[in-house]
Amino acid sequence: MSSLLAASSADVPFPILSALVVTPFLGALLMLVLPNGRPEYFKQVAFLVSGAVAGMTAWVMVEFDKHTADEFQFVDSAEWIAGLGISWTLGLDGISLWLVVLTAALFPLTILAIEAEHTPKAYYAWLLLLEAGVMGVFLALDLFAFFVFFEIVLVPMYFLIGQWGHGARAYAATKFFVYTMFGSAFMLVGILATAFLTAAETGNAVSFDLVYLAEEQALATTTARWIFLSFAVAFAVKVPLFPVHTWLPDAHTNAPTAGSVILAGVMLKLGTYGLLRFGIYLFPEASVYFAPALVALGTIGIIYGAIAATMQKDLKRLVAYSSVAHLGFIVIGTFALNTEGLSGGLLQMVNHGISTGALFLLVGWIYDRRHTRLIAELGGLQKPAPVFAAVFMVVMLSSVGLPGLNGFVGEFLALLGAFAAHRWWAIVAATGVVIAALYLLWAYQRVFHGPAEGDNAEMKDLTWSEGAIMVPFLAAIFVMGLYPAPVLERMEPAVDALIEHIEGNVEDFDEADADQGEDLDVDDLKDLGKKKDSKATDESALVEGGAG
Amino acid sequence: MIAQLDSTVARPEITWDGLLPILTLGVGALLLVLFRSLMKQLPKAAADQAVPVIGGVTVIAMWVVGGFAGTDVPLAGLRDGLGDPVFFLGLLIMVGLGGWFAQYLRLSVDAALTVMIGLTSLAATWGVWTDRYEIDGAFGLVGDQLGADGFSLVITGVIASAIVLVALLLDDYLEREGMAGADMYVLMLFSGAGGAVMASANDLIVLFLALETLSIAVYVMAAMHMRRSESQEAGLKYFVLGAFSSAFLLYGIALTYGAVGSTNLIVIADFLEQNRLVEDGLLMAGMAMLLVGLGFKVAAAPFHAWTPDVYQGAPTPVVAFMASAVKAAGFAALVRVFVTTFADHADDWQPAVYALAILTLVVGSFMAIVQRDAKRMLAYSSISHAGFILVGVQAASNEGVSSVLFYAVAYTFLVIGSFGVLSIVSGEGDRGTSLDHLDGLSTRRPALALALTVFLLAQAGVPLTSGFVAKFAVIGAAVEARSYWLAIAAMVTAVVSAFLYLRIILSMYLGQAEDDAPTIRVPRAAGLAIIVALVITVGFGLVPGELDDITRDAIPVLIAAG
């Protein structure tokens with residue numbers, strides 16, 4: 001790998017993106033050679049490594065040029081397998097920027113927040129390897145490299161669930177691995193078909209370069225649709241979309257807390273990001289063609305996830321099902337294929353990472369204290385642990401999509417976009433928002449309200465260190481809820497470029513804009529979050545959006 | 001035919017330097033027999049002293065033979081090398097290191113000699129590749145009965161590497177099972193020489209002879225464990241079914257001869273290129289028989305039935321050899337006969353191979369799941385790997401051939417590593433091969449567990465391992481040949497297989513070892529073999545470019561009869 005680094009292009013003085021991938025990878029290797037004698041070192045080293053990645057990401061975020069957010073920046077390219085036209089190409093644009101930032105932030109926090117229950121060496125090594133893989137997925141601009149990273153993340157997560165999980169962990173881990181790998185099996189064939197058929201059509205050498213393949217658009221319509229389907233299967237499993245979502249509740253419930261946080265926080269986004277970057281960008285025509293089906297599946301996921309979540313007895317499983325619902329919003333926003341929907345979906349990816357990641361952390365801490373996650377056995381925790389309850393409340397409300405908190409902006413935009421494009425599905429999906437409020441508030445009520453009996457009365461409140469870990473989450477929840485503009489203005493150029501790409505390649509594509517052709521301005525959005533009207537359900541918000 | 005008896009026929013040109021890779025194996029085996037029959041029992045002291053000497057000699061032999069191979073003026077190279085003080089000093093240091101290393105590994109004399117022969121053959125292969133093949137291209141050997149092309153050289157290299165690694169595994173195994181002696185090594189070298197000839201064969205008769213040399217030695221190796229009835233059973237079963245398949249092969253050769261009028265591959269290929277047979281029934285039947293015969297050797301379903309029993313019964317290091325070298329040689333023959341020779345009839349045999357591939361993939365992966373014995377599981381998984389390689393053969397293209405080669409190389413090291421770990425874990429008498437014996441391996445021997453995990457994940461085709469790149473190449477070839485459904489079927493069965501590998505991994509990491517589980521001793525030599533396999537597996541996974549280039553340079557060609 002070092003030779004790859006040495007051969008990096010001269011465009012950037014330092015291959016910062018490669019460093020983002022390679023640093024945690026090397027950290028994982030370093031972990032293997034650390035002596036077993038001082039177990040406390042493992043956590044510290046893991047934190048330092050992921051902290052270094054976070055630091056580098058912060059630098060990237062600052063240096064990121066928002067005026068050219070529609071282009072890939074910091075591009076870093078080297079030959080990998082020359083004979084097959086495979087290269088190690090990494091790049092960052094407005095679409096991937098925030099997911100990379102989310103990843104970089106979530107890992108050190110997770111490492112800090114949770115102790116390994118046993119064998120810390122392997123635990124932190126797997127976590128770092130996972131970080132390398134996830135970073136790679138978000139940065140890869142080569143189909144081969146993307147697939148490598150997309151698959152490699154399975155291994156650490158498999159071991160994290162299998163070795164450090166609870167309950168039916170072996171079952172959950174195997175199910176997770178096999179489901180995801182099944183999806184990728186089709187994608188691998190799709191990737192190869194894309195590369196080889198493009199080479200056959202154009203007469204050029206085989207190349208796996210994403211930008212080249214996307215700009216070339218050499219495939220016949222029907223072929224592209226088939227290949228898009230093969231990609232969509234892989235991403236649908238990963239998202240997960242109904243009906244291939246069944247691995248998710250099992251994996252989440254049995255995973256260790258860190259596993260759940262990472263799984264919900266970043267790994268589910270590999271699917272939605274994949275749909276965006278490798279689905280829509282590579283196959284614009286097929287995306288338009290299949291968009292109604294994906295919106296339908298997303299909507300089913302929203303309603304199904306919400307109803308299933310309502311009926312859960314296990315708090316962690318409830319949050320897991322709520323993820324299915326939230327990811328549905330992301331999908332319908334994305335496949336609205338307009339500026340609002342795409343930005344909303346993208347924003348919601350980040351939001352979901354923040355709020356659900358935090359929720360899983362909090363549930364994990366409840367489990368650490370009470371050794372149960374059954375809602376029926378919990379109750380009245382508000383009295384012994386008021387701060388805990390308050391933090392939980394805020395995070396939960398952000399997940400519900402309360403205006404003023406981050407969840408609202410993304411969900412609103414996604415629904416707005418979907419409403420313009422697929423009105424009836426959007427209306428059905430909007431009821432999911434109501435059900436989300438129902439199951440989360442109801443769960444909150446049962447867990448935190450009422451009289452505290454038995455062990456519940458002894459529940460320890462949030463410690464200072466736990467509080468400190470929550471601060472970044474809460475800060476992000478409020479900042480992105482009240483002032484999302486800095487985030488959105490870096491996303492929008494990339495999203496607009498994507499829509500232009502669709503318009504340029506699909507003949508009778510008519511972007512269904514939320515406000516009839518007039519693009520929603522970023523400046524309008526700055527005010528959106530400031531609405532303090534907590535009673536505004538999304539239907540009424542939709543009407544406002546449509547009228548204004 | 002009569003002309004051949006004429007005394008005016010020129011003596012065939014042997015091309016000794018190009019023959020060295022094969023010759024080293026065959027002559028090495030003979031010398032080993034000779035050496036052991038002269039000195040049945042080495043005195044302990046002499047044996048102890050011999051090992052480091054052999055280690056040192058290995059380095060010199062590699063240098064000299066590697067230098068001779070492929071060059072017409074080897075003496076100049078030797079003179080220049082020895083004349084250069086820096087080089088000379090380096091050579092001395094290497095000799096010392098070789099001696100020390102052999103000592104450190106605590107090899108027996110027989111194992112050390114086998115490793116020496118294998119490494120020398122590897123060096124010779126390298127020499128022929130760099131000094132002759134890369135410059136002049138393919139050339140004929142022994143009056144063009146054999147051909148040295150990139151393809152045969154890579155397969156020879158694979159076989160030589162397999163011999164070295166398996167010898168390292170065998171060393172301690174034979175000691176443990178009370179079977180110490182040179183016989184196993186000699187048989188393995190003979191078998192390897194047969195395999196190398198098979199990969200280079202330019203004539204169906206030569207191919208058959210080589211196949212028999214390869215097979216008969218392996219039958220005996222499978223049955224070598226005298227005190228294990230399973231081993232005897234495996235040997236007999238392998239022999240009977242192998243003989244059966246040889247009959248098919250021979251019949252196929254006869255029919256092909258009947259249809260075409262020659263057993264020489266280039267004559268067959270030329271004939272088929274220039275003529276369209278009006279009545280091609282004979283040729284079709286011949287091709288079918290050849291496919292059946294070779295299908296047995298590579299364990300393609302439905303000709304796979306011997307594999308699980310033989311793999312389970314045979315001594316574990318022997319299984320490693322069978323799954324790597326023997327299979328690679330079998331596929332070499334399959335590629336040379338079908339893809340290269342019957343290239344103009346690809347439309348006829350491709351559907352058959354398509355069906356074989358799908359059947360092999362499905363049988364291999366699904367049957368593997370229901371097994372309880374790790375060796376049997378890996379036997380079935382080796383069947384499904386054969387299916388993957390057949391997917392590459394089916395493509396009938398250069399892309400396909402190089403993917404087959406890549407797969408063969410990657411799989412050789414994977415499977416030797418996997419069976420190497422099993423051989424260490426299973427303990428005396430190969431008893432502990434059931435899944436329960438792997439329980440809790442991660443706490444008993446974390447390094448072994450990690451190594452086996454990497455090998456299994458690589459077999460499952462997880463990225464950053466050679467196994468993934470191999471699958472990628474094969475599927476790429478299938479997609480390029482527009483065999484989409486075959487590609488998808490292969491990938492889906494790979495997922496099914498992954499389930500199996502995960503089961504083994506789960507029992508290593510989640511299972512609880514019984515308290516009275518025997519301690520596992522990792523012999524140095526076997527440990528080295530596993531480390532080498534591990535490094536190659538991960539190395540080709542991270543930077544596959546080099547191997548990819550080599551396999552692209554190694555498309556088989558037929559040598560025109562001179």
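Begin in chain B by selecting B:Leu82, B:Phe88, B:Leu89, B:Leu92, B:Ile93, B:Met94, B:Leu97, B:Trp100, B:Phe101 and B:Tyr104: together they make a nonpolar surface patch with about 990 Å² of accessible area. Helix α4 (residues 85-104) of chain B gives the largest share of that patch, 9 residues. B:Leu82 sits in helix α3 (residues 74-83) of chain B and is partly exposed at 43% relative accessibility.

A word on what you're looking at: this is a predicted model, in which local features need pLDDT of at least 70 and side-chain atom pairs count only at pLDDT 80 or more, while totals for chains, interfaces and linings use all residues. Residues are numbered from 1 along each chain as its sequence is written, chains are lettered from A and ligands numbered from 1 in the order in which they are written, and side-chain values use heavy atoms, with hydrogens and water left out.

Patches take residues with over 30% relative accessible area and no salt bridge, joining like charges within 9 Å and nonpolar side chains (Val, Leu, Ile, Met, Phe, Trp, Tyr) within 5 Å. Areas are Shrake-Rupley values with a 1.4 Å probe, and for residues only the protein chains shown count as cover. Buried means under 20% relative accessible area, exposed over 50%, and partly exposed in between. Helices (H or I, at least four residues) and strands (E, at least two) are DSSP runs numbered from the N terminus.

Now hop to chain A and pick A:Asp65, A:Asp70, A:Glu71, A:Glu500 and A:Glu503, which gather in a negatively charged surface patch. Asp and Glu count as negative, Lys and Arg as positive, with His and the chain ends not counted; each charge is placed at CG of Asp, CD of Glu, NZ of Lys or CZ of Arg. A:Asp65 is in the loop between α3 (40-63) and β1 (73-81) of chain A, partly exposed at 32%.

Next, salt bridges (a side-chain nitrogen of Lys or Arg within 4 Å of a carboxyl oxygen of Asp or Glu). How many turn up over all chains? The search finds 21. Then show B:Arg552 and B:Asp548, paired at 2.9 Å, N to O. Both lie in helix α22 (residues 545-552) of chain B, 4 residues apart, about one turn of the helix. B:Asp548 is buried at 5% relative accessibility. Salt bridges with shared partners also link B:Glu233, B:Lys237, B:Asp309 and B:Arg376 into one network.

Back in chain A, zoom in on A:Ser260 in helix α12 (residues 257-280), buried at 0%. Leaving aside residues up to four places away in sequence, A:Ser260 touches A:His252, A:Ala255, A:Gly265, A:Lys316 and A:Phe360, where contact means heavy atoms within 4.5 Å.

A:Phe242 and A:Pro243 are joined by a cis peptide bond, omega about 0 degrees, and A:Pro243 is in the loop between α10 (221-238) and α11 (247-254) of chain A. In chain B, the bond from B:Ala301 to B:Pro302 is cis too, with omega near 5 degrees. B:Pro302 is in the loop between α11 (281-297) and α12 (306-313). B:Ala299 lies in the loop between α11 and α12 of chain B, and has a positive phi of about 60 degrees although not a glycine.

How values were computed:
Buried < 20%, exposed > 50% of the residue type's maximum accessible area, 1.4 Å probe, protein only.
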